Amino acid sequence: MTTITGKTTLMQKRDSLIDSDPLVIPDEFVGYPLRYFNLPLHYRDDLQSVLIPYGLVQDRIEALASSIFLDVHIHIPEQLVCLCVLKGGYRFFSDLVSKIQNENRLQNDRSLPMSLEFIRCKSYVNDSSSEKLEIIGLSDLNSLKHKNLIVVEDMIDTGSTMVALKKELEKFQPKSVKICTLFIKRRKDKKCLLKPDYVGFQIPDHFVVGYALDYNEYFRDLEHICIMEKSGIEKYKIKD
Ligand SMILES: O=P(O)(O)OC[C@H]1O[C@H](OP(=O)(O)OP(=O)(O)O)[C@H](O)[C@@H]1O
Ligand code: HPA
């Protein structure tokens with residue numbers, strides 16, 4: 001990439017160095033011991049380790065924001081609709097949008113106008129997907145017609161939420177749909193059902209919590225991405 005004068009600017013050089021492939025956390029990595037972190041007392045006994053510290057999550061989101069900014073600015077000159085998938089996606093969405101806003105402030109020669117939409121998807125009970133996916137807020141999305149859409153999700157695990165949501169969103173006839181997820185899980189039992197466009201981290205097959213990811217509505221108020229202790233899974237289990 002060069003300027004009119006033929007020189008590569010530092011900004012352009014930085015853009016070309018960012019890897020848009022996920023940061024892969026290997027299966028052998030079992031996380032950092034809890035004693036190195038300042039964790040809320042109310043969850044300490046329920047967690048096994050810190051898989052991804054908050055700071056690393058933030059740095060990776062910054063890189064994702066740059067990739068999105070660069071791609072979308074080149075391929076899609078008009079407004080981008082960013083759709084937040086609640087509840088788990090709320091922190092990622094908020095941080096990602098504010099980092100794209102930073103790009104808008106920092107770059108002199110380009111910018112990316114955005115509008116923000118919200119939807120709620122719920123299917124998990126305990127640590128498994130129930131067959132019943134609830135989608136709330138679809139009726140407010142008529143404005144998607146002919147728009148470029150980016151769906152912002154915290155986690156793609158089996159992939160069934162995103163496959164079902166994408167099918168519903170396509171009924172609104174958007175011009176394009178891209179999927180951005182902070183985490184994709186490398187499941188041992190089956191392959192993921194879809195390939196997202198932007199991924200922060202590819203993680204091993206553990207149920208993780210923190211940074212708005214929950215276990216039966218607990219642990220959203222935890223900063224780091226943590227692996228749960230078996231006793232924690234038992235303690236907050238919904239029994240029928
Ligand atoms: O790929 P899948 O196996 O479908 O799992 C991913 C979905 O599970 C979580 O949602 P959840 O149902 O827990 O609702 P929440 O976002 O309110 O926590 C997560 O936020 C994704 O939407
Ligand atoms: O590992 C997970 N953690 C929290 N929520 C989830 N929803 C699917 N997988 C997960």
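Student: OK, ground rule first: two residues are in contact if their C-beta atoms, placed from the backbone, lie within 7 Å. Going by that, among contacts in the protein chain between residues at least 6 apart in sequence, what percentage join residues at least 24 apart?

Tutor: 67% of them. Keep in mind that this is a predicted model.

Student: Noted. How many helices and strands are there in the protein chain?

Tutor: There are 5 helices and 10 strands. As for burial, 30% of the chain's 240 residues are buried.

Student: Let's zoom in on β6. How many of its 9 residues are buried?

Tutor: 8 of them, so β6 is largely enclosed by the rest of the structure.

Student: And β3 with β6, parallel or antiparallel?

Tutor: Parallel, over 5 bridges, with β3 covering residues 80-86. Val 81 stands opposite Leu 149 of β6, and Leu 83 stands opposite Val 151, also in β6.

Student: What about β6 and β7, how many bridges there?

Tutor: 8 bridges, paired in the parallel sense. Leu 149 turns up again here, with Val 177 as its bridge partner in β7.

Student: Switching to the sheet with 3 strands. What's its order?

Tutor: β2-β10-β9, an open sheet with antiparallel pairing. The edge strands are β2 (47-52) and β9 (208-209), each pairing on one side only. Between β2 and β10 (residues 225-228) there are 4 bridges in the antiparallel sense; as an example, Ser 49 has Ile 227 of β10 as its bridge partner.

Student: Ligands now. How many residues surround ligand 1, and which are the closest?

Tutor: 18 residues, and the closest are Gly 88, Tyr 124, Asp 157, Thr 158 and Thr 161. β4 (114-125), β6 (148-156) and α4 (160-170) each supply at least two residues of that shell.

Student: How does the ligand 1 shell divide into nonpolar, polar and charged?

Tutor: 5 nonpolar, 7 polar and 6 charged.

Student: Which residues surround ligand 2?

Tutor: Gly 88, Tyr 124, Met 155, Asp 157, Phe 207, Val 208, Val 209, Leu 213 and Asp 214. That shell divides into 6 nonpolar, 1 polar and 2 charged.

Student: I've been eyeing Cys 121. Where is it, and is it buried or exposed?

Tutor: Cys 121 sits in strand β4. The residue has 22 other C-beta atoms within 10 Å, so it counts as buried, since the cut-off for buried is 20 or more.

Student: What's Cys 121 in contact with, leaving aside neighbours within four places in sequence?

Tutor: Val 85, Leu 133, Ile 135, Thr 161 and Leu 165.

Student: How about Asp 45, where's that one?

Tutor: Asp 45 is in the loop between β1 and β2. This residue counts as exposed, because it has 11 C-beta neighbours inside 10 Å and the exposed class takes 12 or fewer. Asp 45 and Met 228 are 183 residues apart in sequence, and 9.3 Å apart C-alpha to C-alpha.

Student: What's phi like at Tyr 211 and at Asn 216?

Tutor: Tyr 211 has a positive phi of about 50 degrees although it's not a glycine. Asn 216 isn't a glycine either, and its phi is positive at about 50 degrees. The loop between β9 and β10 holds Tyr 211, and Asn 216 is in the loop between β9 and β10 too. Tyr 211 counts as buried because it has 25 C-beta neighbours inside 10 Å, while Asn 216, with 14, counts as partly exposed.

Student: Last one: how far does α3 reach, first C-alpha to last?

Tutor: 24 Å for its 17 residues (90-106), close to the 24 Å expected at 1.5 Å a residue. Its buried residues include Phe 92, Leu 96 and Ile 100.

How values were computed: Residues numbered from 1 in each chain as written. Chains lettered and ligands numbered in written order. Predicted model: local features only at pLDDT ≥ 70, side-chain atom pairs only at ≥ 80, totals over all residues. Near = placed C-beta within 6 Å. Nonpolar A, V, L, I, M, F, W, Y, C, P; charged D, E, K, R; others polar. Pairing = 2+ DSSP bridges. Expected span 1.5 Å × (residues − 1).
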